[in-house]
Amino acid sequence: MAEVKIGDKFVGDGHPAFIIAEIGINHNGSVEVAKKLIDGAALAGCDAVKFQKRTPEICVPRDQWEIERDTPWGRMTYIDYRHKVEFTKDEYAEIDRYCKEKGIIWFASCWDEEAVDFIEQFEPLCYKAASASLTDISLLKKKKSTGRPLMISTGMSSMEEIQVAVDAIGKDNLLIAHSTSTYPCPVKELNLRMIQTLKGLYPECPIGYSGHEVGLSTTWASVALGATFIERHITLDRAMWGTDQAASVEVGGMMRLVSNTRDIEAALGDGVKKVYESELGPRKKLRRVQ
């Protein structure tokens with residue numbers, strides 16, 4: 001049975017879905033906003049929050065450094081903006097402390113190898129590779145080399161690219177998330193049946209879903225289809241500044257997402273037909289032929 005342990009939680013078939021609230025860069029460079037998002041995720045009952053970590057000089061193409069754009073801090077170059085939304089070592093230390101205080105796991109999608117070294121100093125319980133990084137085999141191997149569980153997302157990828165990545169890094173301690181990388185994603189492009197396809201192709205790996213759609217019903221459907229972990233972006237307000245906010249879930253929605261996911265898991269049962277004790281009274285009353 002596909003099963004990976006993250007901290008004290010098992011992720012895989014037969015276990016409650018591992019629910020990740022992706023903060024990403026929705027904090028807009030503010031530790032206080034990040035803390036409020038951590039509070040919201042903990043209140044909702046999420047298992048983990050996830051950040052993104054980049055080394056701007058590595059991740060931003062050189063020809064884009066000096067392009068100016070409007071930001072919450074005024075007009076500035078793109079490279080300066082990318083630095084604005086990256087937390088320092090001290091700020092991540094505060095996030096690490098705060099998550100431990102709240103009893104919630106945190107980890108990060110690292111977009112370059114230096115970022116892995118940076119996050120590794122906090123001894124995260126796992127790593128995530130964003131869909132954009134699926135073909136960056138050296139980065140995937142860097143994360144795998146830490147010995148920590150690795151989640152990979154498969155948006156914007158062909159089946160061949162997924163297979164090449166999995167073959168390169170191996171299936172041990174690997175979790176695979178179906179995803180479509182459109183923000184927000186039209187429901188007709190979610191292709192949720194890929195969850196079952198991936199479960200058939202990689203029975204050794206827990207298969208999950210990373211969603212960027214508007215609304216919650218399709219994420220609940222992913223759980224019914226067998227997703228063992230789910231990830232949705234969290235925000236304080238979908239109207240906040242930032243490219244990911246519109247495809248994010250506000251705290252109240254995240255509370256419904258978690259609560260109804262647990263209801264779905266309870267309702268799915270074991271697939272073995274039985275007569276429940278609660279049915280015995282109606283059965284005796286309503287059946288003409290016993």
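Buried means under 20% relative accessible area, exposed means over 50%, and partly exposed lies in between (1.4 Å probe, protein chains only). Keep that scale at hand for this tour.

This is a predicted model, in which local features need pLDDT of at least 70 and side-chain atom pairs count only at pLDDT 80 or more, while totals for chains, interfaces and linings use all residues. Residues are numbered from 1 along each chain as its sequence is written, and side-chain values use heavy atoms, with hydrogens and water left out.

**Stop 1: two exposed loop residues**

Select E123 to begin. You will find E123 in the loop between α5 (113–120) and β8 (127–129). The element names follow DSSP runs numbered from the N terminus: helices are H or I with at least four residues, strands are E with at least two. E123 counts as exposed because its relative accessibility is 56%. Its phi is near 50°, a positive value in a residue other than glycine.

Now go to M156, in the loop between β9 (150–153) and α7. M156 has a positive phi of about 50° although it is not a glycine. With a relative accessible area of 59%, M156 is exposed.

**Stop 2: a cis peptide bond**

Select Y183 and P184 together. The peptide bond from Y183 to P184 is cis, with omega near -10°. P184 belongs to the loop between β10 (174–179) and α8 (194–201).

**Stop 3: strand β3**

Colour residues 18–24, which form strand β3. This strand is mostly covered, with seven of its seven residues buried. Look at each face in turn: F18, I20, E22 and G24 are buried on one side, and I19, A21 and I23 are buried on the other.

Strand β12 (residues 229–235) runs parallel to β3 and is joined to it by five bridges. I20 has E231 as its bridge partner in β12. Strand β4 (residues 48–53) also pairs with β3 in the parallel sense, over four bridges. Here E22 stands opposite K50 in β4.

**Stop 4: S222**

Which helix holds S222? S222 is found in helix α9 (residues 217–224). S222 counts as buried because its relative accessibility is 0%. Contact means heavy atoms within 4.5 Å. Leaving aside neighbours within four places in sequence, S222 is in contact with L192, I195, Y209, A227 and I230.

**Stop 5: two helix pairs**

Two packed helices are described by the angle between their axes and the distance between the axes. Axes are lines fitted to C-alpha atoms, for helices over the stretch in contact, and angles run from 0 to 180 degrees between N-to-C directions. Angles under 35 degrees count as roughly parallel, over 145 as roughly antiparallel, 65 to 115 as roughly perpendicular and the rest as oblique.

Show α1 (residues 31–44) with α4 (residues 89–102): they pack at an angle of about 20°, with axes 11 Å apart. The two helices are therefore roughly parallel to each other. To see where they meet, select V31, K35, I38, D39 and A42 in α1 and E91, E94, I95, R97, Y98, C99 and K102 in α4.

Finish with α6 (residues 137–144) and α7 (residues 159–169), whose axes come within 10 Å and cross at roughly 40°. They are therefore oblique to each other. I137, L140, K141 and K144 of α6 make the contact with V164, A165, A168 and I169 of α7.

Methods: Two strands pair if DSSP finds at least two bridges between them.
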